[in-house]
Amino acid sequence: MSTETLIYIILSGILALFIALFQYGYKSKIKSSKLNWLFTFLRFLTVFAFLLLIVNPKFEQIKIVSEKPNLVIAVDNSSSINYLNRAEDANVLFNSLKNNKELNAKFNVTPYLFGNTLKSLDSLTFNEGETNINNVFGELEQIYKTTVSPTVLITDGNQTFGNDYQFAYDAYKQPIYPVILGDTITYTDLKIQQLNVNKYAYLKNRFPVEAILVYNGNENVNTKLEVVKGNTTVYSQPISFTKTNNSKIINFTLPANSIGINSYKLNLIPLDNEKNKVNNAKNFAVEVIDQKTKIAIVTDVIHPDIGAFKKSIESNEQRSVSVLKPNKILKQLNDFQLVIVYQPNNNFKKLFGELNKLNKNRFVVIGAKTDLNFLNSTNTNYSHEIVLQTEEYQANFNSNFSPFQVDDINFESFPPLNALYGSIKFNVPFQTILNKRIGNVSIQQPLLAAFEVNKQREVVLLGEDIWKWRAQSYLNSKSFNEFDNFIGKLIQYLASNKQRNRLNVDYESFYIGNSNIVINAQFFDKNYVFDDRETLTILVEDKLLERKFEFPFVLKNNNYQVGLSNLKPSEYNFTVRAKNENISKSGSFTILEYNVEQQFLNANVTKLQQLATNSSGKSYFIDKTNDLINDLMSDNRYVSIQKSKKNIISLIDWKFLLAIIALSLSAEWFLRKYNGLI
């Protein structure tokens, strides 16, 4: 408490005493001296409490807090730990660290487990199907960004997806102590390192297969590579390896003779002394189709958008793209299922005439080099206001768009498109996919719209530089897939003239085992407006085991979803049914058997040791962890930090002062009333 505050308290006491004595000593008419002193005390108490309430005396309280460093224990819960027979060792080490009294006295010990994500440790099961070690450090960095937190990483170091964790120390900036669940013994092993095959093939053609084979061993060995379809061997080739010539890239082709999903198994015949034979086989499947969608991009200008469209569309191998001038396409127009008209001008006059004559679907892109006078004169479906200046527009996603299923791929983060200023007026019913936005202001004008007139479909994009969207989509998700799928759905809508269905189901023909299997569906009312009141279910039948499973769909955003990741590898038929309407849709898919966690024979010792060195930590093998606790206890970097915390606290709570004032005034009033002084 400051000297100034103490002086105020003393002066308040003197002033309160002076007022009390003045009222009940000098001016008092009460004859009883006892009552005089009692009233003087009560009045002193009232005035003094009131003055203290004004002065509000405070004092500083300093607390010394000792803050211990954290000790993070992250345990690999993936199934590869079981396959390497290290689950029991990992459990024993984890319990010894977690329950060690010395460590708990020095550190705040926090345990986690991880597979594909980081989780608070409940119990170790070693059954997770994927491992992402780099993601572990990314999440820990958010939690322990400003603290001292050495990290014990108990793992085999085998990561199945994600960025390379070897350089995670750059962001995490904490000492890492890997405990290696495995050994350095080299076992003789044959392995299919990688298999590359197209998802689609075309009937009566041959499709390529590429297999990368690896051998670990010192002897010269001979084996055979086989491809089996059902019970039939459709391809075989003898393979030889030596200690120096220990890897091969094998390329061959297989015939596509039957339409639909064709499942195969690639086998590298194991050696007699192989320990791990799981990585000698891989399943794959190819969907054979009997046609290919041909799309023409017709343009008179050179622009990066052309390449972006071509890349996105051809990411689906069922589609091919040709880039043509408007005068070159006329003789081969019937060869294409869809025409993308990029920034048309007067040179497109004959093309538009032929498109209208053939009633062909089209995708029109309007940009800064588009001739609006020509465009307005050549079609009656819409007209664009002619203003000789450009504007940059960003996109707002319209979740109520219903003609086909479209996902919001974070359009709001995309850079603006360069477009002609002015509004567009539609003379036919249309639906907006994306609206224009300038900054944070949404403009009720379409940026991307679709309509259908006389069974002819058209999509209009009112801006150029869509190549920037594809680049931004990659930055957002580290993949082009989201953007390419979005463009693919536009193409699918335009390249098909099939009658619209009220129930649409979006699924893959085959899935890789252990992957996230999600089937999407959309249901529309009779006006083809998305209906979120319907109840959808899916009945899945295992064709091999003849078992049936029924699952409900859940509503998420503007579609229905169901997760089927718990299904085992097999061939399945399914039927999606709307409960309130007599509408259903059927299909089939195949789940291929593949467990990536079974592909490892040893721990990844080199990467874990490098990670420890780079992060100023130390690595240990699981059978040599005796020094781990001693190293943690003796390291001078991990000491408790004393922090002082200063609190300003009121000497007397204002509530108590108010209570004293109320009680003293009440007591004084009642006593005066009782003695007839009022």
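1. Helices (H or I, at least four residues) and strands (E, at least two) are DSSP runs, numbered from the N terminus. "Pocket" here means an open set of points on a 1 Å grid over the protein atoms alone, where a 1.4 Å probe fits, with protein on both sides within 12 Å along at least five of seven lines; lining residues have an atom within 4 Å of a point.

2. Before going on, keep in mind that this is a predicted model: local features need pLDDT of at least 70, side-chain atom pairs count only at pLDDT 80 or more, and totals for chains, interfaces and linings use all residues. Numbering runs from 1 along each chain as its sequence is written, and side-chain values use heavy atoms, with hydrogens and water left out.

3. How much space lies in the second largest pocket? About 690 Å³, taken as the space filled by probe spheres set on the points, with grid points joined across faces, edges and corners. Its lining splits into 12 nonpolar, 13 polar and 7 charged residues (Ala, Val, Leu, Ile, Met, Phe, Trp, Tyr, Cys and Pro are nonpolar; Asp, Glu, Lys and Arg charged; the others, Gly among them, polar).

4. T223 is found in strand 10. T223 counts as buried because its relative accessible area is 12% (buried is under 20%, exposed over 50%, partly exposed in between; 1.4 Å probe, protein chains only). Leaving out residues up to four places away in sequence, T223 touches L190, P238, I239, F241, L268 and I269, where contact means heavy atoms within 4.5 Å. The T223 side chain also reaches the backbone oxygen of I269 at 2.5 Å.

5. Strand 30 (residues 547-552) is hardly covered, with 0 buried residues among its 6. Strand 30 pairs with strand 29 (residues 536-542) in the antiparallel sense over 6 bridges; pairing takes at least two DSSP bridges. I538 has F551 as its bridge partner. The two strands make a hairpin with 4 residues between them, and E546 in the turn has a positive phi of about 55 degrees.

6. Most residues other than glycine have a negative phi. N85 has a positive phi of about 60 degrees and sits in the loop between helix 3 (80-83) and helix 4 (87-98). F126, with a positive phi of about 55 degrees, lies in the loop between strand 4 (118-120) and helix 6 (133-143). N85 is exposed at 63% relative accessibility, whereas F126 is buried at 4%.

Note on methods
A polar contact is a pair of N or O atoms within 3.5 Å; within protein, one must be able to donate a hydrogen and the other to accept it, and residues adjacent in sequence count only if both atoms are side-chain atoms.
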